Amino acid sequence: MTLQLVIGNKNYSSWSMRPWVLLRQSGIPFEEVQLKFGERDGGLTVPGIEKYSAAGKVPVLIIDGEPVWDSLAICETVAEMHPTKHLWPEDELARRVARSICAEMHSGFQALRGAMPMNIRTRYPGKGLTPKSQKDIDRVVEIWSDCRERFGGAGNFLFGRFSIPDAFYAPVVMRLHAYAVKLPPLAQAYCEAVHELSAVKEWKEAARRETEFVPEDEPYAKK
Ligand SMILES: N[C@@H](CCC(=O)N[C@@H](CS)C(=O)NCC(=O)O)C(=O)O
């Protein structure tokens, strides 16, 4: 079985980061296909994506030539393909909560996304903090605290050892760092654990080497 993961710019593509970190951190071999973002009529485009997926967005996982699109569908599929890796928590209650917090991240947090776009190589301390983005951040902190306290055990991650929810929240950790958001100690310690993951380090190093500037994702750059 051959796997190809089609992703966007590592500096900006928060959705691409999730399955990439999951695959890399779990030691699952894959070929990376990177497509760089473009722009049309003031909107973001992914030139070349039509070759991989009719949905027109990254990420896409190609399994033996057939696409799986959308980061949540990709992570679910990868977990199903590798049952012995326990990419979802093994405990049933923990797994239900894990699925819920991934779905919540997947379909929500619009204010945080809009005000604080992921930008790994740049820092904009204090930018993007609005009452609505603060409300999203408070909810993220609540989720992390609840998971760490109930399911963290001796490990450093939301459900102890690294699992899909950590891949889903890794881009948020990047956003909170870029905009220097002040966090309570437990949330800060969790962020540090995510920054220390070897796959996250590798992604960040590659993101810092990228030079493309995507205006759509740069609301705070000096014009
Ligand atoms: N829900 C999708 C969202 C994917 C998404 O919006 N990707 C952006 C880049 S990070 C994209 O491809 N945008 C191009 C477009 O909308 O044309 C997922 O989880 O994969």
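Visitor: How many cavities of 30 Å³ or more turn up in a search of the whole structure?
Guide: The search finds 1 cavity of that size, a cavity being a set of points on a 1 Å grid over the protein atoms alone where a 1.4 Å probe fits but cannot get out. This is a predicted model, in which local features need pLDDT of at least 70 and side-chain atom pairs count only at pLDDT 80 or more, while totals for chains, interfaces and linings use all residues. Residues are numbered from 1 along each chain as its sequence is written, and side-chain values use heavy atoms, with hydrogens and water left out.

Visitor: How much space lies in the largest cavity, and which residues line it?
Guide: The largest cavity holds about 40 Å³, counted as the space filled by probe spheres set on grid points that are joined across faces, edges and corners. Its lining consists of S14, R18, M105, R113, F168, P171, V172 and R175, where a lining residue has an atom within 4 Å of a point.

Visitor: Which helix gives the most to that lining?
Guide: Helix α6 does, with 4 residues, and both α1 and α6 supply at least two; helices (H or I, at least four residues) and strands (E, at least two) are DSSP runs numbered from the N terminus.

Visitor: What does F168 touch?
Guide: F168, which sits in helix α6, has contacts (heavy atoms within 4.5 Å) with R18, S71, L72, C75, C102, M105 and H106, leaving aside residues up to four places away in sequence. F168 and C102 are 66 residues apart in sequence, yet their C-alpha atoms are 6.3 Å apart in space.

Visitor: Does F168 count as buried or exposed?
Guide: F168 counts as buried because its relative accessibility is 1%, given that buried means under 20% relative accessible area, exposed over 50% and partly exposed in between, with a 1.4 Å probe and protein chains only.

Visitor: Now the open side: what volume does the largest pocket have?
Guide: The largest pocket has about 660 Å³, a pocket being an open set of points with protein on both sides within 12 Å along at least five of seven lines. It is lined by 24 residues, of which W15, F37, L44, K57 and V58 are the closest to its centre. Two or more lining residues come from each of α1, β4 (43–45) and α4 (110–115).

Visitor: What kind of peptide bond joins V58 and P59?
Guide: V58 and P59 are joined by a cis peptide bond, with omega at about 5°, and P59 is placed in the loop between β4 and β5 (60–63). In general, most peptide bonds are trans, and most residues other than glycine have a negative phi.

Visitor: What about the phi of D64?
Guide: D64 has a positive phi, near 45°, and belongs to the loop between β5 and β6 (66–69); its relative accessible area is 48%, so D64 is partly exposed. F109, also not a glycine, has a positive phi of about 60° and lies in the loop between α3 (92–107) and α4, but F109 is buried because its relative accessibility is 8%.

Visitor: How many residues are in the largest nonpolar core?
Guide: There are 67, a nonpolar core being a set of buried Ala, Val, Leu, Ile, Met, Phe, Trp, Tyr and Cys residues joined through side-chain atoms within 4.5 Å. Helix α6 (residues 164–178) gives the most to this core, with 10 residues. Another core, of 12 residues, lies apart from it and includes Y12, F37, V60 and I62.

Visitor: Which residues have the most contacts inside the largest core?
Guide: They are L61, W144, F159, I164 and Y169. Among the residues that Y169 touches, not counting those up to four places away in sequence, are F109, W144 and Y190.

Visitor: Last topic, aromatics: how many pairs are found?
Guide: The whole structure has 9 aromatic pairs, meaning rings of Phe, Tyr and Trp (its six-membered ring) with centres within 6.5 Å, called stacked when the planes are under 30 degrees apart, edge-to-face over 60 and tilted for the rest. W20 and F30 make an edge-to-face pair, 6.1 Å centre to centre with 85° between the planes, and together with W203 they form one aromatic cluster. W20 counts as buried because its relative accessibility is 1%, and F30 is also buried, at 14%.
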